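This report goes through one protein model by topic. It begins with the terms for accessibility and then turns to individual residues, strands and charged pairs.

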Amino acid sequence: VNSVAFSPDGHMLASGSEDKTVRVWNPSTGEEKQSLRGHSAPVNSVAFSPDGSMLASGSGQLGASDNTVRLWDPLTGEEKSS
């Protein structure tokens with residue numbers, strides 16, 4: 001795990017990992033709610049929007065082809081933008 005972030009209301013926890021995934025968790029139960037796939041390099045950072053409706057993930061490393069920021073809906077797992 002390279003990065004974690006709590007949603008503003010504390011009901012979700014996002015993690016970004018070496019396995020190129022972003023995962024959304026219920027921090028009270030530890031249950032994985034979403035596994036978000038789309039990056040082709042390790043995910044280095046995650047952050048929620050101030051209202052918690054969007055989740056941003058950043059991926060990239062020297063020599064990697066995926067130097068992107070992707071936007072997700074953390075409730076549905078739908079990718080909104082890259």
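## Basis and terms

A residue is called buried under 20% relative accessible area, exposed over 50%, and partly exposed in between, with a 1.4 Å probe and protein chains only. By that rule glutamine 34, at 18% relative accessibility, counts as buried.

The model is predicted, so local features need pLDDT of at least 70 and side-chain atom pairs count only at pLDDT 80 or more, while totals for chains, interfaces and linings use all residues. Residues are numbered from 1 along each chain as its sequence is written, and side-chain values use heavy atoms, with hydrogens and water left out.

## Overall make-up

The protein has eight strands and zero helices; helices (H or I, at least four residues) and strands (E, at least two) are DSSP runs, numbered from the N terminus. Read from the N terminus, the order of elements is β-β-β-β-β-β-β-β. The radius of gyration of the protein is 12 Å, close to the 12 Å that the globule rule gives for 82 residues, so the protein is as compact as a globular protein of that length. Here the radius is taken over C-alpha atoms, and the rule is 2.2 Å times the number of residues to the power 0.38.

Along its principal axes, the C-alpha trace spans about 40 × 20 × 15 Å. Of the 82 residues, 43% count as buried. A contact is defined as heavy atoms within 4.5 Å. Among contacts with a separation of 6 or more, 29% come from residues 24 or more positions apart.

## Glutamine 34

Glutamine 34 lies in strand 4, which covers residues 32–37. Its side chain reaches the backbone oxygen of leucine 75 at 2.8 Å. This falls under the polar contact rule: a pair of N or O atoms within 3.5 Å, where within protein one must be able to donate a hydrogen and the other to accept it, and residues adjacent in sequence count only if both atoms are side-chain atoms.

Which residues does glutamine 34 touch, not counting residues up to four places away in sequence? They are Val22, Arg23, Val24, Pro74, Leu75, Thr76 and Gly77.

## Strands 3 and 4

Two strands are said to pair if DSSP finds at least two bridges between them. Strand 3 (residues 21–25) and strand 4 run antiparallel and are joined by five bridges. Tryptophan 25 stands opposite glutamate 32 of strand 4. The two strands form a hairpin with six residues between them, and glycine 30 in the turn has a positive phi of about 80 degrees.

A positive phi is also found at lysine 20, a residue other than glycine, with a value near 75 degrees. Lysine 20 sits in the loop between strand 2 (13–16) and strand 3. With a relative accessible area of 38%, lysine 20 is partly exposed.

Strand 5 and strand 6 (residues 55–59) run antiparallel, with five bridges between them. Valine 43 has serine 59 in strand 6 as its bridge partner.

## Salt bridges

Side chains of opposite charge can pair when their charged atoms come close. A salt bridge is counted when a side-chain nitrogen of Lys or Arg is within 4 Å of a carboxyl oxygen of Asp or Glu. The count comes to five salt bridges.

In one of them, the side chains of glutamate 79 and arginine 70 meet at 2.8 Å, N to O. Glutamate 79 is partly exposed at 30%, whereas arginine 70 is buried at 12%. Elsewhere, salt bridges that share partners join Asp19, Arg23 and Glu32 into one network. Glutamate 32 is partly exposed, with 34% relative accessible area, and arginine 23 is buried at 16%. A further salt bridge links the side chains of glutamate 31 and lysine 33 at 3.7 Å, N to O. Glutamate 31 is partly exposed at 43%, and lysine 33 is partly exposed at 46%.
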